[in-house]
Amino acid sequence: MKRLLSMAAIAALILTNATAQVLYDQAYDGTSSGAVAQDFTDFPNFSTYEFDDFTVGAPGWIVTRVTIPGTERGNSNFTTSLELRILDAPSASATVVASATVSPAAGHGPNLVFGDGVNPLFTLTPGNYWISAWVRRPFGGGGGQWYWLRTTPVSGSQHFFHNPGGGFGVGNNPVPGQNVFGSAADLSFRIEGVLIPEPASMIALGAGLAGLLALRRRKK
């Protein structure tokens, strides 16, 4: 029985804790400006969310870490949480496919990091998605602003800007970033994890465990 449990544990470890790899990377180009991405707890009409698209290929991803490069013009000690959303459209009201939160998050530094690169954050099946991330903190009292670094050239769709409260004067619907910043760009981000095991691998694992069970029964 101990041998059977040991083999099952090893198989599970191989499937869920394989060495993380970079699944998607839009590196910062070193020159593009940042776009504010913040839930302003003291000025909610100015709360703004950014979105960029990415594609998950077959057989899907087990995501273990997401890194969002940014820059600070304020004090991150005022941040109460870091928020990450994977959505089906570039809008703050779109359907949430997956999410992650870091809280408390005071003193987080310019880059937002979700996950440790080992344990699963969430799983994404093949398809097209939009990523959004932001900090939650006040502007006043020294809180200031956090900016998501943009990057070029554009791959897929340019990023979208959404200020639901309309405080920035560009309406309260999502708009292409070009309408706000004067040029089209992507957002920089990196997604790490492992590929979902192929069905054949799962069948082989199941067959191996079934064989171990049969062996154990014969020994009885």
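This is a predicted model: local features need pLDDT of at least 70, side-chain atom pairs count only at pLDDT 80 or more; totals for chains, interfaces and linings use all residues.
Trainee: So patches are made of residues with over 30% relative accessible area and no salt bridge, with like charges joined within 9 Å and nonpolar side chains (Val, Leu, Ile, Met, Phe, Trp, Tyr) within 5 Å. Which residues make the nonpolar one?

Mentor: F43, F46, F139, F168, V170 and V180. The patch comes to about 470 Å². Areas are Shrake-Rupley with a 1.4 Å probe, and for residues only the protein chains shown count as cover. A salt bridge puts a side-chain nitrogen of Lys or Arg within 4 Å of a carboxyl oxygen of Asp or Glu.

Trainee: OK, F43. Where is it?

Mentor: In the loop between β3 (38-40) and β4 (49-56). Strands are DSSP runs of E, at least two residues, numbered from the N terminus. F43 is partly exposed, at 41% relative accessible area. Buried is under 20%, exposed over 50%, partly exposed in between.

Trainee: And F46 with F168: how are their rings arranged?

Mentor: Edge-to-face, because the centres are 5.2 Å apart and the planes sit at 90°. Rings of Phe, Tyr and Trp (its six-membered ring) pair with centres within 6.5 Å; planes under 30 degrees apart are stacked, over 60 edge-to-face, the rest tilted. F46 is in the β3-β4 loop, and F168 is in the loop between β13 (160-162) and β14 (175-176). They are 122 residues apart, so to speak distant parts of the chain. F46 is partly exposed at 33%, and F168 at 38%.

Trainee: How many aromatic pairs in total?

Mentor: 13. Ring pairs also link Y24, F54, W61, Y129 and F189 into a cluster.

Trainee: New topic. Is β12 buried or exposed?

Mentor: Buried. Eight of the eight residues in 144-151 are buried, so the strand is largely enclosed by the rest of the structure.

Trainee: Which strands pair with β12?

Mentor: β2 (34-36) joins β12 by three bridges, antiparallel. β6 (70-74) has five bridges to β12, also antiparallel. β15 (186-187) has two, antiparallel again. Pairing needs at least two DSSP bridges.

Trainee: What lies over Y147?

Mentor: R73, at 5.2 Å from the ring centre. The rule wants NZ of Lys or CZ of Arg within 6 Å of the centre and within 35 degrees of the ring normal.

Methods. Residues are numbered from 1 along each chain as its sequence is written. Side-chain values use heavy atoms; hydrogens and water are left out. Helices (H or I, at least four residues) and strands (E, at least two) are DSSP runs, numbered from the N terminus. Buried means under 20% relative accessible area, exposed over 50%, partly exposed in between (1.4 Å probe, protein chains only).
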